[in-house]
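Me: I would like to go through this structure with you. Could we take it topic by topic?

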Number of protein chains: 2
Amino acid sequence: MRAVSRRPDPSEAPRVDPLLDVREKRRGKRIGDAYVRRVRSFDDPFQRGGDEGELVATERTVLERRGWRAALRGVRTALIGRPIHTDREEHERLTKVKGLAIFSSDNISSSAYGPEEIMRVLALAGTGALTLTLPLAGLITVMLAIVTVSYRQTIKAYPRGASSYIVASDNLGSTMGVLAAAALLIGYVVTVAVSVSAGVAAMTSILPQIYDARVWIGVALVLLIMLGNLRGIRESGTIFMIPTYAYIVVMLAIIGYGVARVTFGDVPEFAPPTGWEPVEQGAQALGLFLILRAFSQGAVALTGVEAISDGVPAFKPPEWKNARTTLTWAAIVFATLFVGIAFLLTRLGIQPDGSEQYTVLSLLVRTLTGEGAILVVAQVATALILVLAANTSFADFPRLSSFLARDGFLPRQFAFRGERLAFTTGIVALSLMAIGLLVGFSASVSGLIPLYTLGVFIAFTLSQAGMLVRWWRRHEPGWRRGLVINGLGALTTAVVALVVGSSNFLQGSWLVIVLVPLLMLLLLAIHGHYRDMDRALALDRIPAREEVAPRPIVIVPISRLDRPARQAIAFANSISTDAVAVHVTNDPDAADALRERWPAWAGTTELVVVESPYRALIGPLLAYMDALQRQAPERPILVVLAEFVPRHWWENLLHNQTALRLKLRLFTRRNTIVADVPYHPPRE
Amino acid sequence: MRAVSRRPDPSEAPRVDPLLDVREKRRGKRIGDAYVRRVRSFDDPFQRGGDEGELVATERTVLERRGWRAALRGVRTALIGRPIHTDREEHERLTKVKGLAIFSSDNISSSAYGPEEIMRVLALAGTGALTLTLPLAGLITVMLAIVTVSYRQTIKAYPRGASSYIVASDNLGSTMGVLAAAALLIGYVVTVAVSVSAGVAAMTSILPQIYDARVWIGVALVLLIMLGNLRGIRESGTIFMIPTYAYIVVMLAIIGYGVARVTFGDVPEFAPPTGWEPVEQGAQALGLFLILRAFSQGAVALTGVEAISDGVPAFKPPEWKNARTTLTWAAIVFATLFVGIAFLLTRLGIQPDGSEQYTVLSLLVRTLTGEGAILVVAQVATALILVLAANTSFADFPRLSSFLARDGFLPRQFAFRGERLAFTTGIVALSLMAIGLLVGFSASVSGLIPLYTLGVFIAFTLSQAGMLVRWWRRHEPGWRRGLVINGLGALTTAVVALVVGSSNFLQGSWLVIVLVPLLMLLLLAIHGHYRDMDRALALDRIPAREEVAPRPIVIVPISRLDRPARQAIAFANSISTDAVAVHVTNDPDAADALRERWPAWAGTTELVVVESPYRALIGPLLAYMDALQRQAPERPILVVLAEFVPRHWWENLLHNQTALRLKLRLFTRRNTIVADVPYHPPRE
């Protein structure tokens, strides 16, 4: 029963034009001008591209769906909108006023929780220690000044974006760059968790009854910000100016009012509201270690500096000048708020709330203005700027991870812009990790802060150190001055990193000390893998003899005589003259019956029955393929699998299990190609 | 850039002999005698089968594995042994002595926990109510007599296996058969959980220090029985006689000793051991409802009758006579033990242990013989027979589920005999469900019993009702007598089912009342699906014109120029004269560069670039395929996918994600075939 050659004459089948030129040909027209082709609508879902052999897909190719996919698409459109054309990407540049609002929200919003975190540590040594709040705030402001001056240099040197990843990679080598990137990525995740937690805390201060739901409110906020960013919120929207300036104005007014009252000797008394509890006091002695811890908690205020450096290219030209000015102004505004709030807190004798329902900032405003409209306005403004600060990380994290993906340190999905031009994978990854932190730390700002500062200061130090190396190597004009400034900056940030890492070690910075190197190793491992693979797969041209491979040996495993098997055999015969059907069986009697019916059923296609007395299917089939392969080692084996496509997904549990296992095994077999021939039952 | 025909001449590639006849041909020999062919070793992993075109796989095809698969195989062989040839299936027949040991372990072992369960319910009305234990045990024995006589008829009528599923299907239609099967399947799962729990309780009675680990000991026992059954333990092993007869002998001796002492007025006093606590007493009044509940708990003693009926064909001929005799003896032995134990328990005033560390049986033996060797022997024998009773379900459940799979009510895997000739899927499914019950009910016999009895009695009732219908329809000799006997049996079991279902409703039988119909519906749904599918797929012969399908339209989606892409293109060219490479891109500049390098890289294969300004890949590709399909609706589209096979499984996370999503979409597209061309990087 040897097969005869029965391939159909190729001329029998209708020709297909891969450039979809059919209608044009029918009308006997050919348009020679490429420009005309480009704009003319051709086959509806496609337009002709600018070059020979090029088509451009229209929105229809993305939107057209049937059945449940159409429903899914409807939900998706409702949530994040219709797909956006690549050409519509906006490149609006920011004025300094807008830039301040958008990039410094992270920094300025720290004034809402920074003083509180200092006080919570100091209070461990008793309420008397709280007087140290103001000096520590002053010290942090000095640090901020040093870092700001130092970063002004960096911004000038890297006008196309001064991310620590770029600066460190450029000057210290890619390993240090990846270390900075790992520290930053973790920092961004914590930023989201901290900012959202602090925003929720601002709300629970005026609505204590929502305190028990704080974790879920935080999660909902993160999901909301995620959705907004998946929609592709423009950073430049004027609407984003409101929270920042509202917070600045309201806080400056309250601080001014408070300072005025203090100056004129009208100091109101701190009267704790219902539910307020004193924190556990006097648990520790007021030693250097405790002061360092308090400083570490407050140093969180410096973490926002990176955002402006990252965003330099988004400013109006001259970009670096505008960015520098904005950075300076952000630092001045922050310092004013931070020191002002710290001053009033100590002067009015406000103590943190042990039950964590009230923020000290809300207690300050309450003490000054009572429980009226001003308190509500202040808290709403605080919550809004904190949510905006979280939103800043939703711009930074996906952008940094897309840089990393572009450079091969993260999977390529991170560099892929989704339908709304947003980096979908980065946005979703950031949201999930931030939600994990929120839930894991019960949305407690104090719990999260120790994780926050260290990562950012590692990145700062690497960035400044990179600048040092750069000045030293280049000897550009003013290099001596630059060396001193960035040297001081690097020293400051390194000292802060050390203080933060050691003083908060048990409170949580150990987690960062473990995670940052692990993440760095992961990024480097991914990079190594992509590099190896690119080397192994690269190919300048196909050697002439390899353009056409040897004819495959075609086998069709069949389990019974049915329509799917018939379809698979017909396909095999359409591409091969000597395809063989293989029936592996543990039932010789059934096999005999099948063999008897075979000629009537399958015509001249050859059938091989493999009896499997150990009842295994895959082992004998693989061994059979090996035996065939030994006869013609250079010919690939094409395994044609008939698969039944059920009407409902759950029916897959009743089918194709064996085919699935077989495919998994064949995937790793060399010189093997698997063709799936799905059989769709006729619609009823 | 139209492609020219460049298919290689088929004569170029070396021919392959699908029957592996190559070496024979080279030596110029052809052996005509089919018998000689059958036994001659041919290509090592295969022998020539008895018919033309048939090969027989040897053990090598199952055992040969490389790398981690070889290690896995090693573990597997150590655990369950080497594969067994189909021909080696044993059909040893059982004598009555062996049959009693094996099939009645389930029934007889109930005497170990049946009286205890009655007492635990009665004790709720105070210790005075415990005197009702003996009358209830007597009533249950009468029920057992009725059921036994009734089943003697069934066994005679169904000498090839009197499973309730078969009897009910045969006489009441397949829906009732499936109902009986669902009830039995659930009953078998509970049998395993109850028997193992009771076995563990027998051990904790002499080793109270293992009480806290009882759930994990139970789980370990189930896994051990599972492994044993996956190895393919023969039911007929003489070793299985030991536990049953040891239990019978030991218990009869103890009962005899106890009755003798009672008779001669030497009644020992019940002295509770350390750790024993009285049960909560007097919580309920001694009403009819409580008595019915106590009866229901004790009715568990009747559940083992099904096992012998199931196993009729395993007896030596005359099968039905031997099975009947065995059934009768089992009932007599059980009744003696059950009533004897109940008598001594009430006479000695033994009370159940509120802490559940001591079984009442162990308290009885302890009271009679002290804490010496006899107690240990009795408890070990009890534990062993209970484990053997669990093992009975490991024979029954997989056998019943293989019947159901054969008839299309369960997925086909349940009918597949694994490498050791055991029904692997059924054994594993039973183990997992039993472990779930053990953990869920903390291995508490009292907690599990309410789930146990109802399912079995539903099956009993359906089986007896089936016999009634059978007598009525056939009017065979003796039909009137049969009608009366099976009528009484059906009535008895129906009443017990009602009593058990209603009196234990809140204690757990509601779960069975919910689960049995659900399982029945599931079985019927699976059956309906298989039936529909068989109808849709059946085909008597391939119509002549369909033996060869129209040539496929071949497209090769490529993302970049690399070795996997080259390999895929070479394969496409080997089976088609007009394969087209398709590059979907969101980066027109990169596409231009690719197009420039194309002729040098890919020779004459045509390239189509599809620009995707919405950055989607799958949508435009599907739309492109639709456009091609419109040109030639009858030609299938063959999508050739290049896939990179990484060296390590985790590297798959970095590759093939898009290919995977594409394949899932293409699987449901009509007239579409997907060929996977895996690229294996060269070994270093």
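Me: Is A:Arg474 buried, partly exposed or exposed?

Reply: A:Arg474 counts as partly exposed, because its relative accessibility is 44%; buried means under 20% relative accessible area, exposed over 50% and partly exposed in between, with a 1.4 Å probe and protein chains only. Please note that this is a predicted model, in which local features need pLDDT of at least 70 and side-chain atom pairs count only at pLDDT 80 or more, while totals for chains, interfaces and linings use all residues. Residues are numbered from 1 along each chain as its sequence is written, chains are lettered from A and ligands numbered from 1 in the order in which they are written, and side-chain values use heavy atoms, without hydrogens and water.

Me: Which side chain meets A:Arg474 in a salt bridge?

Reply: That of A:Glu476, at 3.4 Å from N to O; a salt bridge is a side-chain nitrogen of Lys or Arg within 4 Å of a carboxyl oxygen of Asp or Glu. A:Glu476 is partly exposed, since its relative accessible area is 28%.

Me: How many salt bridges are there over all chains?

Reply: The structure holds 29. One of them joins A:Arg399 to A:Asp310, with the closest N and O atoms 4.0 Å apart. A:Arg399 lies in helix α17 (residues 373-406) and A:Asp310 in helix α14 (residues 305-310) of chain A, so the pair ties together parts 89 residues apart in sequence. Helices here are DSSP runs (H or I, at least four residues), as are strands (E, at least two), numbered from the N terminus.

Me: Which residues are in the network with A:Asp310?

Reply: A:Asp396 and A:Arg399 are linked with A:Asp310 by salt bridges. A:Asp310 counts as buried because its relative accessibility is 9%.

Me: Changing topic, how many cavities of 30 Å³ or more does the search find?

Reply: Eight, in the whole structure. A cavity is a set of points, on a 1 Å grid over the protein atoms alone, where a 1.4 Å probe fits but cannot get out; lining residues have an atom within 4 Å of a point. The largest cavity holds about 280 Å³ of space, the volume being the space filled by probe spheres set on the points, which are joined across faces, edges and corners.

Me: What lines the largest cavity?

Reply: There are 25 lining residues, with B:Ser197, B:Ala201, B:Glu356, B:Thr359 and B:Val445 nearest its centre. Helix α10(B) gives the largest share, six residues.

Definitions and conventions:
1 Å grid on protein atoms, 1.4 Å probe; cavity = no way out; pocket = protein on both sides within 12 Å on 5 of 7 lines; lining within 4 Å.
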